[in-house]
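Work through the exercises below with the sequence and the 3D structure at hand. Each task is followed by a solution in steps.

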Amino acid sequence: MPISVAIIGAGPAGFYTAEALLSQGVDARIDMIERLPSPYGLIRAGVAPDHQSTKRVAHRFAETASRDSVAFFGNVEVGREVSFEELQGLYDAVVLAVGAPRDRALGIPGEHLPGVYGSAGFVGWYNGHPDFRELGPRLDSRAAVVIGNGNVALDVARVLVKTPPEMVESDIADYAAQAIHAAPLTDVYILGRRGPGEARFTSAELRELGRLADCAPVVDPADLPAEADAGERGGISPATGEIDREKRIRDKNIAILRSFTALSKDTSRKRVHFCFHAAPIEIVGHDRAEGLRYERTRVAQGRVIRTGVFGAIACGLVVAAIGYRATRIPGLPFDADRGLIPNDDGRVAPGVYAVGWAKRGPTGIIGSNRPDGIVCARQIDADLAGTSEGRPGRAGLERLLGQRRVRSISFAEWQRLDSAEVAAGGGVAPRRKFTSLAEMLAALRG
Ligand SMILES: Cc1cc2nc3c(=O)[nH]c(=O)nc-3n(C[C@H](O)[C@H](O)[C@H](O)COP(=O)(O)OP(=O)(O)OC[C@H]3O[C@@H](n4cnc5c(N)ncnc54)[C@H](O)[C@@H]3O)c2cc1C
């Protein structure tokens, strides 16, 4: 008898787990339970709307979801429509693939002022995530500060400064495109506590900021190491003789930033300023954000050292892109310090597993979640294959949802919505997203 597996969360980690269970030949019926009506997690709601090629991996996940042994239950939140304990009773194995959807707090005065947003909310807003479509961020000032030195900070800055023609082939939510393009924003400051050598940008994303239609990157040459020093730090691996990967990325990034110094006097209408060695200390303002104060830092032996020198940027919008945390699911342990579900290489409790950002915290790209799925499928196979106790699985879940009159969305229904979104893109935009459950249900009725 096949074992029944519930995967909570239909983002990359959930799909890679389903895919691994299938490819490893585990005899299982797999149900993917997702709180949103749509699948794919941050591929839809996080990855930048103008980076469509990154989203193509969703086609592969659609094939997985279309397999006979796999079912999708969209619009079913574990902890709301159905409890974790109920799923434990219904399924042989429960996989937690719930991601890390909450913003880490900045922990500085003024962070709750209107005009200050976490990147989960801000990115969710421009990507049409139903939870954030009413965010209404304040875009009525000339300057914005994006805090953080990773790719999410680059995404936010880029989406704020691109011209309408540059966004035509994106799937940005219509309301967000209208609001951003009507805003008076001319200057976006990307603020990092550390230096350019420690930034976690990937080179392709960084380079893109030097190729925008009406925006120039601004870099202070004093922030960059002297050219003679640039190649020196970092190590040559004794095993391979290769310069280590991190150093290569760092050198590439510094070379890109150096090339930006030549663009800084360009006549573009907008600018993205890189502010390194600047630790935010306060967001100032009376009834909304009016500016951000920072303290200059230096980095010594990997540690950030404050210098007692302060600066300020006048701005009405602040977006903090400093990392994410998982949410606590009632009935499950939670590591509040690390913001994830405590686990031993994915094992949470007998028959309960974690994958992806819920397992490891918010690091890595989409493909980084694939090994988690492979490990999890092996663990399920080793722990449970052939031991099915004949738990009700899918039939039990359907009964429970029926009793509670929960309107779940099947994968076939999602495919109809997907086609409608693509058609609404008119052959130019990749799609026009539905951004609420009501819109989706109306489209399904229609
Ligand atoms: C802003 C942003 C941009 C990114 N850009 C890129 C990029 O360009 N390229 C790249 O390779 N990677 C990118 N990443 C990283 C990539 O998105 C992650 O590695 C990946 O999405 C993590 O997968 P996950 O399945 O663990 O989490 P998620 O993608 O967050 O999926 C978790 C899913 O679980 C669901 N869920 C949560 N709680 C419940 C519940 N209680 N009940 C039911 N369902 C629930 C959520 O709705 C979600 O669909 C980006 C990340 C962010 C935040």
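In sorting residues by class, Ala, Val, Leu, Ile, Met, Phe, Trp, Tyr, Cys and Pro count as nonpolar, Asp, Glu, Lys and Arg as charged, and the others, Gly among them, as polar. The model used here is predicted.

**Exercise 1.** Describe the shell around the ligand by class and by its nearest residues.

Solution. Step 1: sorted by class, the shell holds 19 nonpolar, 13 polar and four charged residues. Step 2: out of the 36 residues around the ligand, those that come nearest are Gly9, Gly11, Gly41, Gly99 and Gly356. Step 3: two or more residues each are given to this shell by α1 (12–23), β2 (28–34), α6 (151–161) and α12 (357–360). Step 4: the most come from α1, which gives three residues.

**Exercise 2.** Explain why the ligand lies between domain 1 and domain 2.

Solution. Step 1: find domain 1 at 3–101 + 324–445 and domain 2 at 105–320. Step 2: both domains give residues to the shell around the ligand, so the ligand lies between them.

**Exercise 3.** Work out the strand order and the pairing in the sheet that contains β11, β12 and β13.

Solution. Step 1: the three strands run in the order β11-β12-β13 and form an open sheet with antiparallel pairing. Step 2: β11 (278–284) and β13 (303–314) are the edge strands, each pairing on one side only. Step 3: on average, neighbouring strands of this sheet are turned by 20 degrees against each other, direction ignored. Step 4: six bridges join β11 to β12 (residues 291–300) in the antiparallel sense. Step 5: Ala279 has Glu295 in β12 as its bridge partner.

Key. Residues numbered from 1 in each chain as written. Predicted model: local features only at pLDDT ≥ 70, side-chain atom pairs only at ≥ 80, totals over all residues. Pairing = 2+ DSSP bridges. Helix = DSSP H or I, 4+ residues; strand = E, 2+ residues; numbered from the N terminus. Axes fitted to C-alpha atoms, helices over the stretch in contact; angles between N-to-C directions. Near = placed C-beta within 6 Å. Domains from an automatic or database assignment.
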